[in-house]
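Here is a short note for a colleague who is opening this structure for the first time. The points are numbered so that each can be checked on screen.

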Amino acid sequence: MPFGNTHNTMKMKYASDQEYPDLSKHNNHMAKILTPAMYENLRSKETPSGFTLDDVIQTGIDNPGHPFIMTVGCVAGDEETYEVFKELLDPVIEDRHGGYKPSDKHKTDINPDNLKGGDDLDSDYVLSSRVRTGRSVRGFCLPPHCSRGERRAVEQLSIEALDSLSGDLQGKYYALKNMSDAEQQQLIDDHFLFDKPVSPLLLASGMGRDWPDARGIWHNDNKTFLVWVNEEDHLRVISMQKGGNMKEVFNRFCTGLTKIETLFKERKHEFMWNEHLGYVLTCPSNLGTGLRAGVHVKLPNLSKNAKFEDVLKKLRLQKRGTGGVDTAAVGGVFDISNADRLGFSEVELVQMVVDGVRLMVEMEKKLEKGQSIDDIMPAQK
Amino acid sequence: MAKNCHNDYKMKFSGDEEFPDLSLHNNHMAKVLTKEIYAKLRGKSTPSGFTVDDVIQTGVDNPGHPFIMTVGCVAGDEESYEAFKELLDPIISDRHGGYKPTDKHATDLNFENLKGGDDLDPNYVLSSRVRTGRSIKGFTLPPHNSRGERRGIEKLSIEALASLDGEFKGKYYPLSGMTDAEQDLLINDHFLFDKPVSPLLTCAGMARDWPDGRGIWHNDNKTFLVWVNEEDHLRVISMQQGGNMKEVFRRFCVGLQNIEGIFKKHNHGFMWNEHLGYILTCPSNLGTGLRGGVHVKLPKLSTHAKFEEILTRLRLQKRGTGGVDTASVGGVFDISNADRLGSSEVAQVQMVVDGVKLMVEMEKKLEKGESIDGMIPAQK
């Protein structure tokens, strides 16, 4: 099978500028970076599994922009995408990840003992704490591109690996297709389950195909450690609990993740990783650590303060609504998490969240008392 | 929505490992596809690269629909119907009343062959409409075409339509240039095609790059319209308020033949063959691709126990007034021919004209509290 569908052989009969997408109304990373010259260079290439440039950028063409977030507008279909289309993806990565250069090296640190503090965020404000990352299983195509057979194989491998977890990580796998609507809704409401694929960001890149085949959720009996299978990445690994003890959440995260990685290796399946990009995931925004550590925190006063966005920026944090990446905040409760993924280690990123949220809660308390926060404004991290 | 069914690694897995789970499905594709058929076809592709997974993706992603029995598969190019005939022939047979692989399809666009149709009661028949689709030879179809192809089709269409004159003189409105207000008005007037939200279309890849290369052409009177690059390369529509289907069909035939003439002059004929008639994206639209219908008030008949039976016998189908996958509002139904393949354009419009006339008579009887038992038609 020659080209991508985007796999239409006829498109090569047309000149590059006849095929070039109309990005005049677009505002995403891909649209900022892609040029006709770049498109011309890359349009006839494909990865060994058949992923093409048009596959990479389709989601960015179909989704010109988003009111709350600067979307990336492109995805990888396999590990090789990042190499074959580096002419496009390196600048996108650089733009998205604070100037990260093609020659830079990424460091990994999942030793939870290196985190300072984090066990004392005020639970009157910090309602819940969560750390997630993604992992891709080497040898399989990624969710925009994988076939049903591949997806099922990833699921099977995951079930085998997760079944051998024990102790407080002992748990069970729930295939999406066997779940009742009620169970599913409960898990979504508890923030455990991934969305039914309605976001056009995901759908336009092909990640909703064959739903709910081979998708599922595994969680431990306590529901504090979860693994999503075959959503936006092969695996999403999540540690979470109510309240502000991020240290414990991160401990469990590191312990569980390391165990899972070992179990996969024992079955001769590594995770996609390299020393430049760290962990390789579907969305270029998740490269490096793939880590998003965050809290749901009440900041009704701070969030209305003129300096809120600036505070977030200086702390290298981002805000989201409590429904996930493309939702709005409800009732003054925000999802605050690290903005970075690549170029910082896991420990460093969680440290930023811990320190930053502690500061923001202090600010909230000051504003409650009618005091100024000017003297505790942070420097740019 | 993209459909990346061109993954070379899938051939490392067996047919069984790749076979879709259709256990909750109820569409034509799910009824027909077997592991054997899938195993045979999975290694094939058309010259343009369309595969069986491309064909069936929409049916895999859309298990069923509350109002309609969906087809669950699409063609990506003219050759799909040949390369995947093992799957598509039985679907065509199932969908088109037993149409066999050896059957021949008759075309008749001579409007003078239509009897009557100029006197449907406008107190009941609010509007009349005839549409069909056409695919341009040498281009792949909307689930599969590239931006360059789509724009090529648009350009050809603009040139062809610009040369129409008289009652057909009109103007092209590219979707990219239209304001939201203009667009909403055209949708409410039933002139414009939906923004692509139906998963039936989006899962087949027909919404890619929207609104690039899409547009609507209509004559100054807004009685003759052409949609460019929606579910088919071209959709040609004749419509007007009231019940004069004869006039609507006359305009339809004359306009369509004018257009066909111009495309042929540009060396781009329409996809057609003597077995399948006009080739379109959805197997349900093969043959004439014609849907002739009315919006008609049938509040009493529609709640009558025999309504469905009457429709079946008249070879008609009902839809809501918002289009193929909507519900009816206020007792007003969209009633049109159910058949596309195996009967001609004239024959299909005749069924609509005769059938709607009968149904309006029935409605009037029911209004007066009379029975319609004596009027139930025989199976056409």
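1. A salt bridge here is a side-chain nitrogen of Lys or Arg within 4 Å of a carboxyl oxygen of Asp or Glu. In general, side chains of opposite charge can pair when their charged atoms come close. The model is predicted. By this rule it holds 49 salt bridges over all chains.

2. Start with B:E167 and B:R251. Their side chains form a salt bridge, with N and O 3.9 Å apart. The pair falls under the rule because the cut-off is 4 Å. B:E167 lies in the loop between α7 and β2 (170–174) of chain B, and B:R251 in helix α10 (residues 245–265) of chain B, so the bridge ties together parts 84 residues apart in sequence. Are the two partners buried or exposed? B:E167 is partly exposed, at a relative accessible area of 32%. B:R251 is buried, at 5%.

3. One network deserves a look. Salt bridges with shared partners join A:K11, A:D54, B:R147, B:R150 and B:D209.

4. Turn to chain A. The side chains of A:R152 and A:D213 meet in a salt bridge at 2.6 Å, N to O. Which parts does this pair tie together? A:R152 belongs to helix α7 (residues 148–163) of chain A, while A:D213 sits in the loop between α9 (200–203) and β3 (216–220) of chain A, so the tie spans 61 residues of sequence. Both A:R152 and A:D213 are buried.

5. Chain B has a salt bridge between B:D212 and B:R151, at 2.6 Å, N to O. This pair links distant parts of the chain, 61 residues apart. B:D212 is in the loop between α9 (199–202) and β3 (215–219) of chain B, and B:R151 is in helix α7 (residues 147–162) of chain B. B:D212 counts as buried because its relative accessibility is 11%, under the 20% cut-off.

6. In general, most peptide bonds are trans. A:W211 and A:P212 are joined by a cis bond, with omega about 0°. A:P212 is in the loop between α9 and β3 of chain A. B:W210 and B:P211 are also joined by a cis bond, with omega about 0°. B:P211 lies in the loop between α9 and β3 of chain B.

7. Two residues other than glycine have a positive phi. For A:K268, phi is near 65°. A:K268 lies in the loop between α10 (246–266) and β6 (273–274) of chain A. A:K268 counts as exposed, at 73% relative accessibility. For B:N229, phi is near 65°. B:N229 is found in the loop between β4 (224–228) and β5 (234–241) of chain B. B:N229 is buried, with a relative accessible area of 2%.

8. Next, the domains of chain A. Domain 1 covers 20–97 and domain 2 covers 112–369. Their centres, taken over C-alpha atoms, are 24 Å apart. The contact takes 24 residues from domain 1 and 27 residues from domain 2. Together the domains bury about 2,000 Å², 67% of it on carbon and sulfur atoms. Which three residues supply more of the area that domain 1 buries than any other three? They are A:E79, A:Y82 and A:H97, with 31%.

9. The same interface has polar links. The rule finds one salt bridge across it. A:E79 forms a salt bridge with A:R138, the closest N and O atoms being 2.7 Å apart. Eight residue pairs are in polar contact between the two domains. On the domain 1 side, α4 (53–62) and α6 (86–96) of chain A each give two or more residues. The largest share, four residues, comes from α6(A).

10. Last, a strand in chain B. Strand β10 (residues 332–337) is mostly covered, with six of its six residues buried. Strand β8 (residues 291–297) of chain B runs antiparallel to β10(B), joined by five bridges. B:G293 stands opposite B:S336 there. Strand β9 (residues 316–319) of chain B is also antiparallel to β10(B), with four bridges. In that pairing B:K318 stands opposite B:I335.

Definitions and conventions: Residues numbered from 1 in each chain as written. Chains lettered and ligands numbered in written order. Predicted model: local features only at pLDDT ≥ 70, side-chain atom pairs only at ≥ 80, totals over all residues. Heavy atoms only, no water. Buried < 20%, exposed > 50% of the residue type's maximum accessible area, 1.4 Å probe, protein only. Pairing = 2+ DSSP bridges. Domains from an automatic or database assignment. Contact = heavy atoms within 4.5 Å. Buried area = accessible area lost by both parts, 1.4 Å probe. Polar contact = N/O pair within 3.5 Å; in protein donor to acceptor, adjacent residues only side chain to side chain.
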